[in-house]
Amino acid sequence: MITVEQASNILEQAAGPVGTEDIDLHQAWGRILAGEVVSDRDQPPADRSAMDGFAVRAGDLSEPGRMLEVIGEIRAGDDPGGLSPGPGQAVRIMTGALVPAGADAVVMVERTEEDRKAGTVQILERTKPGQHIRRRGEEARAGDRLLAPGCRVRAAEMAALASVGVSRVPVFRLPRVAVLTTGDEVVEPDQEVLDHQVRNSNAVTLLAQLREIGIEGRYLGIAPDRAERLEELLQDGVRGDLLLLTGGVSMGEYDLVADALDRIGMELLFHQVRVKPGKPILAGRSGSCIVLGLPGNPVSAFTGFAVFAAPLLRRIGGWTRWRNREVAARVLEPLPARPGRTTYHLVEAVLEDGNCAVRPTRTRGSGDVTSLARANAFAVTPGDPGGAPAGAVVPALLWRTPTL
């Protein structure tokens, strides 16, 4: 049996990014850049006014109170043409407009008194060269890198892409993921359920966890405990980049998944990890597809996805930082655990004076699906020693933002 770190390293080495494609800018939100984005010109491309006001010659205004002649106006989007203030002159200017030749400062309108009938403006402040002017190239020079490969495109990155004229965006292809549930005892949520049956919460949960990282999974349904049909569904599932399946990976007489995967030619990477919950987890490779077999208990399946599948998907999806990001958290109540396995405790994470703190949530074990809704994070304790006392600081893996 291997450690969590060893299992994570094996998965990282088993697969790399799945490929790239070019997509329309308007479809790029949430995707991962596959190439760098550089500025196509200086940003801004020319000196621009940062305020509504008047473009002036600072040398005319060493003292406040000077009256200047207003010779014209430049709005954002206007070409200043030959408009250029000389000594004792000013040009009315709007935010974002090009600063005319001859002007070296802008006075904000609030610091002036204009007489439009007389065609004059009085400047009420001492003016310095360069004030309220956004200089050419002060944000970026032509050829400067704005975005790096592996960056996830959000609203701010969309703005950067549009500003440099990128209408076709190079991105990593989204991993193709199939989800399969196994077991004769499992029925779909909309079907009548008997006392000896369980509703299929695992598939719904895994598909939702996939969406949270931007992937639409392909649901294959429920495989019965019959080898022939199970193998058919497994063959279908390994046509993609990752197959997530739940149930049938333990060592019982009717845990058929490992043998079925062997029969379809899967190379076993590992089976069983020193982790709680989720010890029976299985990983393998069939061609270019990675297979992750998660235990059937809902909390175990949820944990297995968060700890192993999510980082793997980020890696093969081209993310620069794919490993889980944990934060330091103070333990408010003891986290009991037996030595021997890294334990992922269901906890409620809260912010106290700007720092993260965690307390265990009520749970009846890895079959208690409702306990997931009461938690928003895992607190992680090592196998030796087990657990953590109140006041200890442990790593926490958040899946929802802590409350204040």
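Predicted model: local features only at pLDDT ≥ 70, side-chain atom pairs only at ≥ 80, totals over all residues.
**Start with the aromatic pairs**

Searching the whole structure turns up 4 aromatic pairs. Select Phe302 and Trp399. Their ring centres are 4.9 Å apart and the planes meet at 70°, so this pair is edge-to-face. Now colour by secondary structure. Phe302 belongs to helix H6 (residues 298–316), while Trp399 lies in the segment after strand S26 (393–398).

Phe302 is buried, with a relative accessible area of 11%. Trp399 is partly exposed, at 23%.

**Move to the strands**

Next, select Tyr344 and Phe378. Here too the aromatic pair is edge-to-face, with 5.7 Å centre to centre and 90° between the planes. Tyr344 is in strand S23 (residues 342–352) and Phe378 in strand S25 (residues 377–381). They are 34 residues apart, and the pair links distant parts of the chain.

Keep Phe302, Tyr344, Phe378 and Trp399 on screen. They form one aromatic cluster.

**Finish with the arginines**

Select Arg314 and Trp319. The charged end of Arg314 sits over the Trp319 ring, 6.0 Å from its centre. Then select Arg315 and Trp322. Arg315 lies over the face of Trp322, at 4.9 Å from the ring centre.

Note on methods. Residues numbered from 1 in each chain as written. Heavy atoms only, no water. Phe/Tyr/Trp six-rings, centres within 6.5 Å; stacked < 30°, edge-to-face > 60°. Helix = DSSP H or I, 4+ residues; strand = E, 2+ residues; numbered from the N terminus. Buried < 20%, exposed > 50% of the residue type's maximum accessible area, 1.4 Å probe, protein only. Lys NZ or Arg CZ within 6 Å of the ring centre and 35° of its normal.
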